Amino acid sequence: MVLQWILLAVGFVMLIKGADFFVDGAVGIATRFGIPQLVIGLTIVAMGTSAPEAAVSISAAIKGNADITIGNVLGSNILNILIILGITSIITVLSVSVTTVKYELPFLMIITAVLFILGLDGQIGFIDGLVFMALLALYIVYLLKLARTGNAGESEEEKKELKLPIALIMTGAGVALIIFGSQITVNAATEIAKAFGVSDRFIGLTVVAFGTSLPELVTSVTAAKKGNTDIAIGNIVGSNIFNIIFVIGISALITPVPFSANFRWDLMVSFIATAALLAFCFKPKKLYRWAGILFLAGYAAYFIFVLI
């Protein structure tokens, strides 16, 4: 048990440093290629920080542990909004892009509803996986169009000028540290949780979800502190989108993933959290501290619900 706590601490350090490298590298790439930071947040950063969810969920699907597969994704999406954006918006006021309000958040609500509907028959099968892959292709086309038109908006702060090779190395090193750090953290946290005798569903929705959401947490907080709020918001929204259409989609293509009726409640919470985020930042295009406090209070209530 002592070893697991040490590994947990090592995982945290790797995640923090990895996120720091990742944000600087991603901003450097965005600057060099003239790509809006929001697009970088919605793609490179979002996919990189979703890698732990993908690794854990796909592995769990292959092993037939559906409670970890679905619970990890739903738990991560709920954590991303209620905890990560809650904490980040308390640290600093977050500016929200017009495209995030008009397109990405509504799209996230739509695919969350699609997951709910596809799971009504008790499993996410191969055909369902193809549906998610089609949605992923549609989303990527949208992002490419967003990058070409340049309507994603730019942060007003002075960007850090990095040579392209250095930016690429930093991004790659950040991805590696995030992925390996997440794996170490998740494995250690899971062993600690099992030692206390809690269920797989609880582990998936909370411990594993928290572990795989740590990259999003440290990346968003780091980006916000550096003034890159487009990446902070884009990272979360993009990660949640990829978690559903990519992680669950790929898992379903590999093997049918049973969908427990209990997860319908978690999906509803995820949908409500996304709707609340859209409502809170719809008009001012900003996420204030009071919204962050409400998000944290909402997660506390949800955690009690899961625990009971």
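A: A residue is called buried under 20% relative accessible area, exposed over 50% and partly exposed in between, with a 1.4 Å probe and protein chains only. The model is predicted, so local features need pLDDT of at least 70 and side-chain atom pairs count only at pLDDT 80 or more, while totals for chains, interfaces and linings use all residues. Residues are numbered from 1 along each chain as its sequence is written, and side-chain values use heavy atoms, with hydrogens and water left out.

Rings of Phe, Tyr and Trp (its six-membered ring) pair if their centres lie within 6.5 Å; planes under 30 degrees apart count as stacked, over 60 as edge-to-face and the rest as tilted. The count by this rule is 9 aromatic pairs. One of them is the stacked pair of Phe107 and Tyr139, at 5.5 Å centre to centre and 5 degrees between the planes. Because Phe107 belongs to helix 4 (residues 98-118) and Tyr139 to helix 5 (residues 126-149), this pair ties together parts 32 residues apart in sequence; helices are DSSP runs of H or I, at least four residues, numbered from the N terminus. Phe107 is buried at 14% relative accessibility, and Tyr139 is buried at 2%.

Tyr299 and Phe303 form a tilted pair, with 6.4 Å centre to centre and 35 degrees between the planes. These two residues lie 4 apart in helix 10 (residues 289-307), and therefore about one helical turn separates them. Tyr299 is buried, with a relative accessible area of 9%, whereas Phe303 is partly exposed at 32%.

Ring pairs also join Phe107 and Tyr139 with Tyr103, Tyr142 and Phe242 in a cluster.
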